[in-house]
Amino acid sequence: MTTMTAAVPGTDGRGALTVADGAVERIAARAITELDGVGGSASRVLGIAVGGEDLDQGAKVSAHVTGSTATLDVRLSVKYPLSVRGTTESAREHLIRRVGELSGLAITRVDITVTALHSTETETRRVR
């Protein structure tokens, strides 16, 4: 395992590495797909869902990078009957570890909003 150490700009004649918010958002959105039972969130306009929640979509992630730290805000759906608390705790731990590994940033906070629960069975309606 390799570790990254950040040099203070100007002390050794080299510049500093800056990671953009958008890059961290893409890394986190990809990392969340590595978990089972977690799916995407519908797009929202003025707080109203446009389209449907889908386990096959990617989660919505926004990131804010400050120096060598980052915070994440994640919107996702959970497959029912998985525990929402257990699933979000494992998602939070996974995001902190994976995004930290891939970006070299310290993830200080991960806020998760669960927007829907998805049943494993598809509901079939019958006409009598």
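## Nonpolar surface patch

Tyr 80, Val 84, Val 114 and Leu 117 make a nonpolar surface patch of about 330 Å². The model is predicted. Tyr 80 lies in strand 5. Its relative accessible area is 48%, so Tyr 80 counts as partly exposed, since exposed means over 50%.

## The largest nonpolar core

In soluble globular proteins, nonpolar side chains tend to be buried together. Here, the largest nonpolar core holds 23 residues. Val 24, Ile 32, Leu 72, Val 74, Leu 76 and Leu 95 have the most contacts inside it. Two or more residues each come from helix 1 (21-32), strand 4 (60-66), strand 5 (69-80), helix 2 (84-103) and strand 6 (106-119). Strand 5 gives the largest share, 5 residues.

## Leu 72 and its contacts

What does Leu 72 touch, leaving aside neighbours within four places in sequence? Its contacts include Val 24, Ala 28, Val 61, Ala 63, Leu 95, Val 99, Ile 107 and Val 110. Ser 62, Arg 109 and Asp 111 are also in contact with Leu 72.

## Val 110 in strand 6

Val 110 belongs to strand 6. Is this residue buried or exposed? Val 110 has a relative accessible area of 5%, so it is buried; the cut-off is under 20%.

Beyond neighbours within four places in sequence, Val 110 contacts Leu 72, Val 74, Arg 92, Leu 95 and Ile 96. Val 110 and Leu 95 are 15 residues apart in sequence. In space, their C-alpha atoms are 7.9 Å apart.

Definitions and conventions. Residues are numbered from 1 along each chain as its sequence is written. This is a predicted model: local features need pLDDT of at least 70, side-chain atom pairs count only at pLDDT 80 or more; totals for chains, interfaces and linings use all residues. Side-chain values use heavy atoms; hydrogens and water are left out. A nonpolar core is a set of buried Ala, Val, Leu, Ile, Met, Phe, Trp, Tyr and Cys residues joined through side-chain atoms within 4.5 Å. Buried means under 20% relative accessible area, exposed over 50%, partly exposed in between (1.4 Å probe, protein chains only). Helices (H or I, at least four residues) and strands (E, at least two) are DSSP runs, numbered from the N terminus. Contact means heavy atoms within 4.5 Å. Patches are made of residues with over 30% relative accessible area and no salt bridge: like charges are joined within 9 Å, nonpolar side chains (Val, Leu, Ile, Met, Phe, Trp, Tyr) within 5 Å. Accessible areas come from the Shrake-Rupley method with a 1.4 Å probe; for residues, only the protein chains shown count as cover. A salt bridge is a side-chain nitrogen of Lys or Arg within 4 Å of a carboxyl oxygen of Asp or Glu.
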